[in-house]
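Please look over the sequence and the model shown here before reading on.

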Amino acid sequence: MRFNPKADISGGHVTDVRGGGGGGRMGSLPIGGITGGGIGTTIVVIIIFIITQYASGGSGGSSGPEETTDRYEQCLSGEDANKSADCARKAVELSLEGYWAKVLPQQTGKQLQPTQIKTFTGGVSTSCGDASADVGPFYCPTDQTIYLDTTFFEEVLEGQLGGKGGDFVEPYVLAHEFGHHIQNLLGTMGRVRTQQGPTSDSVRLELQADCYAGMWTRGATGTTDSKGVKIFASIDEADITEALDAAKTVGDDRIQKQGGTDVNKEQWTHGSSEQRMRWFTTGYNATSIEQCDTFATDNL
Ligand SMILES: [Zn+2]
């Protein structure tokens, strides 16, 4: 992955916050889909899960007002994004926004509403409840925001779960979470009734978010900044391989095995490694968002 050095990445919707409370281990954050295993409950979650069924968990426990830091102040160009993971995050968000602002109206007639990516350290208060650093990336539908403690990638995804890593892992994760935002806008989240099991609505929702991540990955090199300058210089085979490895790493069966327990499909919330890789690939090859309709297929 290389960004176009000339791209303007000064805009967008990525902020870093401090002091918004949270502190406690997940506090009241309602988390679906902890598949247990010996891996210590919290990490499992992590990636990529969403909180669907709780309209508002309340954000009690705040220890003070949230402040925005200057973490992204130096991120102005694609050149900066090539040198810094923080700036790369900004560039990816801009690309996701640009991609879906175009594709969503074209294919569904709906306009893209803004989402935000908020990074935090330690803890954060959200409309879905408080989250601590233990919680990996997640999307909160009530405040339409993606939350991310960036230590997750090294400590959990590579460290505890044994993923291979690489610079395209985070774009995949962000694209998956952005996919949940798209699902929120399309009302798909409201269709989720069953939370666990190999053909549950939860698994269908998660695999669809992987499919949407694949769609963006294919279209990303065509996205541009506000002046029409391309954001990416290249996304290559190695990047796709990294995304697929990340999808594999967060498969429910793999997490269960990694945790030292037997594979139990009845506890699945996100789908197996094979399914996650396959739906990402389906999205990558899709010509229409309808090909990501995981709710309409018997072949999950
Ligand atoms: Zn998810």
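Predicted model: local features only at pLDDT ≥ 70, side-chain atom pairs only at ≥ 80, totals over all residues.

Residues are numbered from 1 along each chain as its sequence is written, and side-chain values use heavy atoms, with hydrogens and water left out.

Strand β9 covers residues 145-148; strands (E, at least two residues) and helices (H or I, at least four) are DSSP runs numbered from the N terminus. Both faces of β9 are covered, since T145 and Y147 on one side and I146 and L148 on the other are buried, that is, under 20% relative accessible area with a 1.4 Å probe, protein chains only.

| Partner of β9 | Bridges | Direction |
|---|---|---|
| β5 (residues 116-120) | 4 bridges | parallel |
| β8 (residues 138-140) | 3 bridges | antiparallel |

T145 in β9 is the bridge partner of Q116, and C140 also stands opposite T145. Between β8 and β9, which form a hairpin, there are 4 residues, and Q144 in this turn has a positive phi of about 50°.

A nonpolar core is a set of buried Ala, Val, Leu, Ile, Met, Phe, Trp, Tyr and Cys residues joined through side-chain atoms within 4.5 Å. The largest one has 64 residues, and F3, L96, W100 and F232 are among those with the most contacts inside it. Helix α3 (85-108) and β9 are among the elements that each supply at least two residues, and α3 gives the most, with 10 residues. Apart from this core lies another, of 9 residues, including F138 and Y147.

Methods
Buried < 20%, exposed > 50% of the residue type's maximum accessible area, 1.4 Å probe, protein only. Pairing = 2+ DSSP bridges.
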